[in-house]
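Hi,

Here is the structure I promised to send over.

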Amino acid sequence: MTGSTWADLALGTLAALLLAWLVLLGALWVVRPRGDLLREALRILPDVLRLIRRLAADASLPRGVRIRLGLLLAYLALPVDLVPDVIPVLGYADDAIVVAVVLRGVVRRAGLEAVRAHWPGTEDGFAALVLITGIGRAQARDGEGTQRASAS
């Protein structure tokens with residue numbers, strides 16, 4: 001395109017990174033909390049951060065779960081976001097969305113009881129967490145599958 005191999009390589013790499021970022025932005029838009037859930041997510045954020053730290057320090061959880069939580073804490077500590085704050089709705093919500101997705105995976109691997117045991121907030125806050133992340137639905141689906149398998 002430009003006549004220079006290095007310039008073409010740089011442009012191609014930039015285009016690939018832009019495309020990957022746009023795909024990620026689309027994925028975040030799809031899994032974002034709907035309606036008032038985003039406001040709830042921001043309200044319980046301090047308790048969620050303490051929960052993540054406590055879960056990451058729990059040696060009884062599988063190593064993969066603890067590593068995921070440690071990476072999540074590192075991502076949250078970084079000043080750079082996946083979505084710049086100037087983008088409406090998603091600009092401020094990307095952290096809450098990433099936390100919700102990671103917590104869903106944690107519940108699938110470690111169980112809802114582990115999350116409940118480490119929750120530092122109120123019962124209302126935990127109910128909001130379950131609703132926002134969908135972790136109660138994931139646990140119910142896993143339990144139904146286990147019941148069906150044991151009945152067979």
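Below is what turned up, starting with the charged side chains.

Keep in mind that this is a predicted model. It holds two salt bridges. One of them joins D47 and R50, whose closest N and O atoms are 2.2 Å apart. You can find both residues in helix α3, which covers residues 45-57. They sit three residues apart there, about one turn of the helix. How covered up are these two? D47 has a relative accessible area of 17%, and the cut-off for buried is under 20%, so D47 counts as buried. R50, at 34%, is partly exposed.

The other salt bridge links the side chains of R116 and E123, with 2.1 Å from N to O. E123 counts as exposed because its relative accessibility is 51% and the line for exposed is drawn at over 50%. R116 comes out at 30%, so this arginine is partly exposed.

R116 has a second contact worth a look. Which ring does R116 lie over? R116 lies over the face of F126, 4.6 Å from the ring centre. While we are on rings, the count of aromatic pairs comes to one.

Last, the greasy bit on the outside. L42, L45 and L49 make up a nonpolar surface patch, and together they have about 220 Å² of accessible area. L42 belongs to helix α2, which spans residues 37-43. With a relative accessible area of 45%, L42 is partly exposed.

Cheers

How values were computed. Residues numbered from 1 in each chain as written. Predicted model: local features only at pLDDT ≥ 70, side-chain atom pairs only at ≥ 80, totals over all residues. Heavy atoms only, no water. Patch = residues over 30% accessible without salt bridge, like charges linked within 9 Å, V, L, I, M, F, W, Y side chains within 5 Å. Areas by Shrake-Rupley, 256 points an atom, 1.4 Å probe, with all protein chains shown as cover. Salt bridge = Lys/Arg side-chain N within 4 Å of Asp/Glu carboxyl O. Helix = DSSP H or I, 4+ residues; strand = E, 2+ residues; numbered from the N terminus. Buried < 20%, exposed > 50% of the residue type's maximum accessible area, 1.4 Å probe, protein only. Phe/Tyr/Trp six-rings, centres within 6.5 Å; stacked < 30°, edge-to-face > 60°. Lys NZ or Arg CZ within 6 Å of the ring centre and 35° of its normal.
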